[in-house]
Amino acid sequence: MEVYKHNKSREWFDRACKVIPSGVYGHLGPAEGNFIPVSKWPLLGERAQGSYFWDVDGNRFIDYMCAYGPNILGYNDPDVDAAALEQAKLGNCFTSPSYKMVELAELMVDTVKSADWAFFAKNGNDVTTAAVMAARAHTHKKKIIFVNGFYHGISPWTQKVDYPGVVPEDVANNLYVDWNDIAALEDLIAQNEGEIAAFISTPYMHGNYLDNSLPAPGYWQKVRELCTKKGIVLIVDDVRAGFRLSTEGSDAFYGFEADLITFCKAIANGWNVSCLCGKEFIKSAVSSLSYTGSYWMSAIPFAAGVANINKMRALNLPEILREKALKVTGGLKKAAEENGFDLVVSGEPALFYLRVANDDSLMLHQEWVAECVQRGVFLTSHHNHFLNYTLSDEDIALTLEVADEAFKVVAKGHPEIFA
Amino acid sequence: MLDQKTLAYINMYAILGALENLCDLDPEARALLTNKKRIRLAFSVKGGPKATLTFLNGRVQLQPGVRESDIKIPVSSCEKFNGVVNGTVTPVPVKGFQHIGFLLKDFDALTKLLEKYLRPGEEELADPVFFERSTTLMLYVIASALSQIGDYDEIGRFSAHLIPDGDVSFSIKNGPAATIHVKDHVLSTEKKRPEKPRAIMEFESLELARALFDGKVNALACIGNGSIEMRGMVNMIDNLNRILDRVALYLA
C-alpha cells in the first residue's frame, strides 16, 4: 500500500510560519491537532469532495474528521451548494438582512424540538457566549456550572485559569462538577444557592484523551428537574453533536428539553452560521443583549442552512450516520482483534472515539492512527470523529483494509506486546 | 504574580539543586570540593522549604529536610530566603561557625559559577562546551521548577490537578533528560530519563532547547516543524506546558 509523502505540505507550512502565528493555529494545526509524528500528516489542503479531501501534495484522504464537524452531507453537497450559489447571485452581506434568515429561523424552530426561537451568529463560541449572557440577563445571577472535561469555545469565560491570556477574574464565576455525578451537582448547587445562572454541558461527555461517556440512565432528567427547581437555566451545547444524533436536537435524543441549545458545525454543511435556540421564557433576555457581528446576518449561509436541514430531515440522516458508523467501528474492532490489539470504541456511533488500549500512554494508538493517515485514512488520536452522508461502503472497506495494514505495521514494531 | 513561597521552593530545589549537576558537568566546580572534608549545609526556611546540601568528594547532593548538619542556616521567611539566593540578604548561620570559610569561599565560588551558567552572556555561549553545560543545567533547573510550581503556585496547582498519574519525559535528543513524576496531582522531578513514560516531550537539539529557553522560538511552531516531539498522553504535556509558561515568570 502506498505511503504518502508531504513535501509540499512542509513547504507551505514553512511559508505559513513566517506570516501566521504557529503556522496553522488551533484544532486544524499540528499542535492542537496532535499530529504525532508530524512528518506523517498533511498540513495544508487543496480541495475536498464528498468524503474526501486532498492535501497540497495531491494525497487523497477519507476524512473521518469532516472539518471537525461541519461536513455532514459530504463536501460540496450539490443541493446545499446550489442554494448557496443561487443566494450569492442575489447578495450575501447587505444592509437589510435577507428574508432567508427568517426562513432558516422558522425551519430551526420547526426542526429542533425544544426551540421556540432562533438567534444566529457565526461560530459555536458566539452562541455559547450568547447563551451564558442570556442566562445571566434572565436570572440576574453570575455563576455558571461546567462539567469537567468541557469545551464550550474560546472566549476567556470558556477557558481555564492557567490558559495564556486568561486572568482569574475571567473564570471567577465558573463552577465545576464531574459528568454523570448528580450527588455532586446537588451539593454544588446547595453550596451556591441563589447564585447560579446556568448549567452548561454537551449532551454527553466527549472530552479529549479519554473514552467518551454517555449519560447514565435518568441523568439528564434529574439535571432538568434540579435546574427547574432551582431556577437555573439549562444550556445544552450541541455545537459538536447537533444533527448527528437527532435532527430534533440532542436534548430530544436523550429525552429532555433544554432551556437554551446551541448549534453550529452541521447546520449548513460548511457554510458559516451558528444558532442559539431557546424557550419562549428567555427570548426577551436574548433580545436585551448587546450582541451582534458584521457577518452574522449574511444570507448565503442561511440559504445553505435551509437546504441542508431540509435534506437532513428528508433523509433521516442521523439514522444513516449511525448505521455507517457501526459498520466502521465494528470493522475497526475486528481488524484490531485479528492483529492482537484491543481497540476501545466509545461515545455515540456517529461521533465515535477510538483508543488502542494495549498500553496506558496512547503511544501505540498514536502510532496506529499515524499509519492510517499515512495511507489515506484521516483519523485522529485525541478527539471524537465525525461521519458524513457520502461515506460509502467502498470507503469503509478501504478504511478497514488500511486499518488492518496499519495494525500490522505497529505490531511488527512492537513485538513486546505479544511477548 | 510571583508567589514568594513558590519562588523559595524553586530557589531551593531548582537553583540550589542544580549544584548537583554543576559538579557533575564542570571540572572547576568539582575541583572546589575535591580532597575536602565533607560539609553538610542545612537551610531551614520558616513557612517554606527545608533541605540539606552535602558536599563531598567533588559532588553535591540535595536532600529534603534538615538532617544532621555542619552548618545550619535558619531563614525567617520565604522572602528572606529568596533574598539569600539572589544575593540581597546575607545568610547568618546558627551552627557551624568553624566552617564559615566554606560558606565564604567554596560555596560562594560554586554559586557564582552556577550563576554564570544560568545567566550566561552571548560570548560565553559561543563556546560549545560552555553552551552544552549551560543548556543542560537550564533543562534541569526548568524541570525542577516545573514541579515546584505545580505543587505550590496557585495557578500551577490548578494545572497540576488536571494531570493524570504517570511519568513525563522532558528531554533533549541524545542529551540530558528529566522525569516529572505525577502522583495524585503532586509533581516531583528526577533528573534522569524515565523507564516507562506516559508522555514524552523532546527537543531535537541543544540549540533548539536553548532558543526555547531564551524565548527566541515559539514552541507551537516547533511542534509543527517537528523540532519538538511530543507523544503519549498529550494532555499531561499540555498541562505541564501551562506550568512551563509560569516557569519563565519565576526564573526571569
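Trainee: How do you know how far to trust chain B in this predicted model?

Mentor: Chain B has a mean pLDDT of 94, and 100% of its residues reach 70 or more. pLDDT runs from 0 to 100, and local features here need at least 70. For the complex, the predictor gives an ipTM of 0.91 and a pTM of 0.94.

Trainee: Why are helix 7 and helix 11 of chain B called roughly perpendicular?

Mentor: Start with the angle: the axes of helix 7 (residues 128-152) and helix 11 of chain B cross at roughly 105°, coming within 9 Å. The label covers 65 to 115 degrees, so helix 7 and helix 11 of chain B count as roughly perpendicular to each other.

Trainee: Which residues meet there?

Mentor: Helix 7 of chain B brings Ile142(B), Ala145(B), Leu146(B), Ile149(B) and Gly150(B). From helix 11 of chain B, the partners include Leu240(B), Leu244(B), Arg246(B) and Tyr250(B).

Trainee: What makes up that contact by class?

Mentor: It has 10 nonpolar, 1 polar and 1 charged residues. Gly counts as polar and Arg as charged, and the contact includes Gly150(B) and Arg246(B).

Trainee: Where are the domains of chain B?

Mentor: Domain 1 of chain B is 4-118 and domain 2 is 124-251. Their C-alpha centres are 24 Å apart.

Trainee: How do you know that the two domains touch, and how many residues does each give?

Mentor: The contact takes 16 residues from domain 1 of chain B and 15 residues from domain 2 of chain B. On the domain 1 side, helix 1 (4-16), helix 2 (18-25) and helix 5 (100-118) of chain B each supply at least two residues. Helix 1 of chain B has the largest share, 8 residues. By class, that side has 11 nonpolar, 3 polar and 2 charged residues.

Trainee: And what does chain B use to touch chain A?

Mentor: Altogether 21 residues of chain B are in contact with 26 residues of chain A. The elements of chain B giving two or more residues are helix 8 (154-160), helix 10 (219-225), strand 9 (228-232) and helix 11 (234-251). Helix 10 of chain B gives the most, with 5 residues. The chain B side divides into 9 nonpolar, 7 polar and 5 charged residues.

Trainee: Over in chain A, why are strand 4 and strand 6 called edge strands?

Mentor: Look at the open sheet of 7 strands, with the order 4-10-9-8-7-5-6 and mixed pairing. Strand 4 (117-121) and strand 6 (174-177) of chain A each pair on one side only. The twist averages 20° from one strand to the next.

Trainee: How do you know that strand 5 and strand 6 of chain A pair?

Mentor: The pair needs at least two bridges. Strand 5 (residues 143-147) and strand 6 of chain A have 4 bridges, in the parallel sense, so they count as paired. Val147(A) stands opposite Val177(A) in strand 6 of chain A.

Trainee: What would you call the direction of helix 5 of chain A against strand 6?

Mentor: Helix 5 (residues 182-191) of chain A packs on the sheet, touching strand 5, strand 6 and strand 7 (196-201) of chain A. Its direction makes about 155° with that of strand 6 of chain A. Angles over 145 count as roughly antiparallel, so that is the word for helix 5 and strand 6 of chain A.

Note on methods
Residues are numbered from 1 along each chain as its sequence is written. Chains are lettered from A and ligands numbered from 1 in the order in which they are written. This is a predicted model: local features need pLDDT of at least 70, side-chain atom pairs count only at pLDDT 80 or more; totals for chains, interfaces and linings use all residues. Two residues are in contact if their C-beta atoms, placed from the backbone, lie within 7 Å. Domain bounds come from an automatic or database domain assignment. Axes are lines fitted to C-alpha atoms, for helices over the stretch in contact, and angles run from 0 to 180 degrees between N-to-C directions. Angles under 35 degrees count as roughly parallel, over 145 as roughly antiparallel, 65 to 115 as roughly perpendicular and the rest as oblique.
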